[in-house]
Amino acid sequence: MGRRAKAAALRLAVCPASQKNAALDAMADALESQKDRILAENEKDLTQARADGLSGAMLDRLKLDSKRIVAMAKGVRDVAAL
């Protein structure tokens, strides 16, 4: 996985900013449009985490809600705006 990430980073380094920004905007759009699916999968993760005995603080960090997903999408868009 590390080798693939490094190879991807090298390819991204030569992409024009407009292409990178379009990809970031698409990621933000996907976060928002797939919010229900993300929340459903997150609930599965939380169920497993509880079964594994994760602490309340860790569960809180893992838990997503609509507000957090909107904030994630905004963060991605903020990066694109840089």
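Leaving aside neighbours within four places in sequence, which residues is N42 in contact with? In this predicted model, N42 is in contact with L62, K63 and L64 once those neighbours are set aside, and the close-up views below begin with that residue.

View 1. The place of N42 is in helix α3, a helix that runs over residues 35-51. With a relative accessible area of 5%, N42 is buried, since a residue counts as buried under 20%. Apart from residues within four places in sequence, the contacts of N42 are with L62, K63 and L64.

**View 2. Helices α2 and α5 packed against each other.** Helix α2 covers residues 17-33 and helix α5 covers residues 66-81, and the two pack with their axes 9 Å apart at an angle of about 170°. Angles over 145 degrees count as roughly antiparallel, and α2 and α5 are therefore roughly antiparallel to each other. On the side of α2 the contact is made by N21, L24, D25, M27, A28, D29, L31 and E32, while α5 contributes I69, M72, A73, V76, R77, V79 and A80. Sorted by class, the residues of this contact between α2 and α5 are ten nonpolar, one polar and four charged.

**View 3. The largest nonpolar core.** Seven residues in all make up the largest nonpolar core, namely L24, A28, L31, I69, A73, V76 and A80. Helices α2 and α5 each supply at least two residues of this core, and the largest share, four residues, comes from α5. One of the core residues is L31, which touches I38, I69, M72, A73 and V76 when residues up to four places away in sequence are not counted.

View 4. M58 lies 30 residues from A28 along the chain, and the C-alpha atoms of A28 and M58 are separated by 25 Å.

**View 5. The crossing of helices α3 and α5.** The axes of α3 and α5 come within 10 Å and cross at roughly 120°, and the two helices are therefore oblique to each other. The crossing in which α3 passes α5 is right-handed. K35, I38 and L39 of α3 make this contact together with S66, I69 and V70 of α5. By class, the contact of α3 with α5 has four nonpolar, one polar and one charged residues.

**View 6. D36 in helix α3.** The place of D36 is in helix α3, and at 64% relative accessibility the residue counts as exposed. D36 and S66 are 30 residues apart along the chain, and their C-alpha atoms are separated by 8.5 Å.

**View 7. D60 in helix α4.** Helix α4 covers residues 56-62, and D60 has its place there. A relative accessible area of 46% makes D60 partly exposed. Along the sequence D60 and L46 are 14 residues apart, and in space the distance between the two, taken from C-alpha to C-alpha, is 9.3 Å.

Technical notes. Residues are numbered from 1 along each chain as its sequence is written. This is a predicted model: local features need pLDDT of at least 70, side-chain atom pairs count only at pLDDT 80 or more; totals for chains, interfaces and linings use all residues. Side-chain values use heavy atoms; hydrogens and water are left out. Axes are lines fitted to C-alpha atoms, for helices over the stretch in contact, and angles run from 0 to 180 degrees between N-to-C directions. Angles under 35 degrees count as roughly parallel, over 145 as roughly antiparallel, 65 to 115 as roughly perpendicular and the rest as oblique. Contact means heavy atoms within 4.5 Å. Ala, Val, Leu, Ile, Met, Phe, Trp, Tyr, Cys and Pro count as nonpolar, Asp, Glu, Lys and Arg as charged, and the others, Gly among them, as polar. A nonpolar core is a set of buried Ala, Val, Leu, Ile, Met, Phe, Trp, Tyr and Cys residues joined through side-chain atoms within 4.5 Å. Buried means under 20% relative accessible area, exposed over 50%, partly exposed in between (1.4 Å probe, protein chains only). A crossing is left-handed if the near helix is turned anticlockwise from the far one by less than a right angle, and right-handed if clockwise.
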